[in-house]
Amino acid sequence: MLKAGFYEKEITPPLGYNMPGYFGHRYAEGVRDRLFAKAAVFELGGKVVITIVMDAVLTEDLICDAVYERIEKYI
C-alpha cells in the first residue's frame, strides 16, 4: 500500500532581516509574499522518497544538516 504525507511550514524571515541575492546589504522592510518550505513523503514497499521545496535563494549547510538529522529519526 502506498503511503503519503505532506507538510507546509512558513519560513518568512522577520522584518529587518538581510535579504540574500542582492549585490549589497538590503534589509526587509515589508512582506510582499510569505515564504514556505513544503515537503512530500511517499512510502511503498519499505522504500521512502522525500521531496522538500523551499522558497529560498540560499540555505546554509547548518540548516540542511539539521533537516537531514530530523528526517533520519523517522526513517
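Is G16 buried, partly exposed or exposed, going by its relative accessibility?

1. G16 first, then. Keep in mind that you are looking at a predicted model. G16 counts as partly exposed, because its relative accessibility is 45%, and buried would need under 20%. You'll find G16 in the loop between β1 and β2. For a sense of distance, pick out K47 as well: G16 and K47 are 31 residues apart in sequence, and their C-alpha atoms are 43 Å apart in space.

2. Next, the salt bridges. How many salt bridges does the count come to? The answer is two. As background, side chains of opposite charge can pair when their charged atoms come close.

3. One of the salt bridges joins the side chains of K38 and E8, with 3.7 Å from N to O. This pair ties together distant parts of the chain: K38 belongs to strand β2 (residues 36-44) and E8 to strand β1 (residues 3-10), 30 residues apart. K38 is partly exposed, at 42% relative accessibility. E8 is partly exposed too, with a relative accessible area of 47%.

4. E10 and R34 also form a salt bridge, and their closest N and O atoms are 3.4 Å apart. Here again distant parts of the chain are linked, as E10 is in strand β1 while R34 is in the loop between β1 and β2, 24 residues apart. E10 has 36% relative accessibility, so it counts as partly exposed.

5. Now have a look at the helix α1. Is it tucked away or in the open? Of its 14 residues, the number buried is zero, so α1 lies largely in the open. Its length checks out as well: at 1.5 Å a residue, the 14 residues should span 20 Å, and the end C-alpha atoms are 21 Å apart, which agrees.

6. There is a patch of negative charge on the surface, where E60, D61, D65, E69 and E72 gather. E60 sits in the loop between β3 (47-54) and α1 (61-74). The relative accessible area of E60 is 48%, so this residue is partly exposed; exposed would need over 50%.

7. The surface has a nonpolar patch too. V41, V48, I50, I52, M54, I63, V67 and Y68 make it, and it covers about 610 Å². Which elements give two or more residues to this nonpolar patch? They are β3 and α1. The most comes from β3, which gives four residues.

8. I52, one of the residues in the nonpolar patch, is found in strand β3. At 39% relative accessibility, I52 counts as partly exposed.

9. Is Y7 buried or exposed? Y7 is exposed, because its relative accessible area is 55%, and the cut-off for exposed is over 50%. If you want another pair to locate, take Y7 and D61: they are 54 residues apart in sequence, and 22 Å apart in space from C-alpha to C-alpha. D61 is one of the residues in the patch of negative charge.

Key. Residues are numbered from 1 along each chain as its sequence is written. This is a predicted model: local features need pLDDT of at least 70, side-chain atom pairs count only at pLDDT 80 or more; totals for chains, interfaces and linings use all residues. Side-chain values use heavy atoms; hydrogens and water are left out. Patches are made of residues with over 30% relative accessible area and no salt bridge: like charges are joined within 9 Å, nonpolar side chains (Val, Leu, Ile, Met, Phe, Trp, Tyr) within 5 Å. Accessible areas come from the Shrake-Rupley method with a 1.4 Å probe; for residues, only the protein chains shown count as cover. A salt bridge is a side-chain nitrogen of Lys or Arg within 4 Å of a carboxyl oxygen of Asp or Glu. Lys and Arg count as positive and Asp and Glu as negative; His and the chain ends are not counted. The place of a charge is taken as NZ of Lys, CZ of Arg, CG of Asp or CD of Glu. Buried means under 20% relative accessible area, exposed over 50%, partly exposed in between (1.4 Å probe, protein chains only). The expected span of a helix is 1.5 Å times one less than its number of residues.
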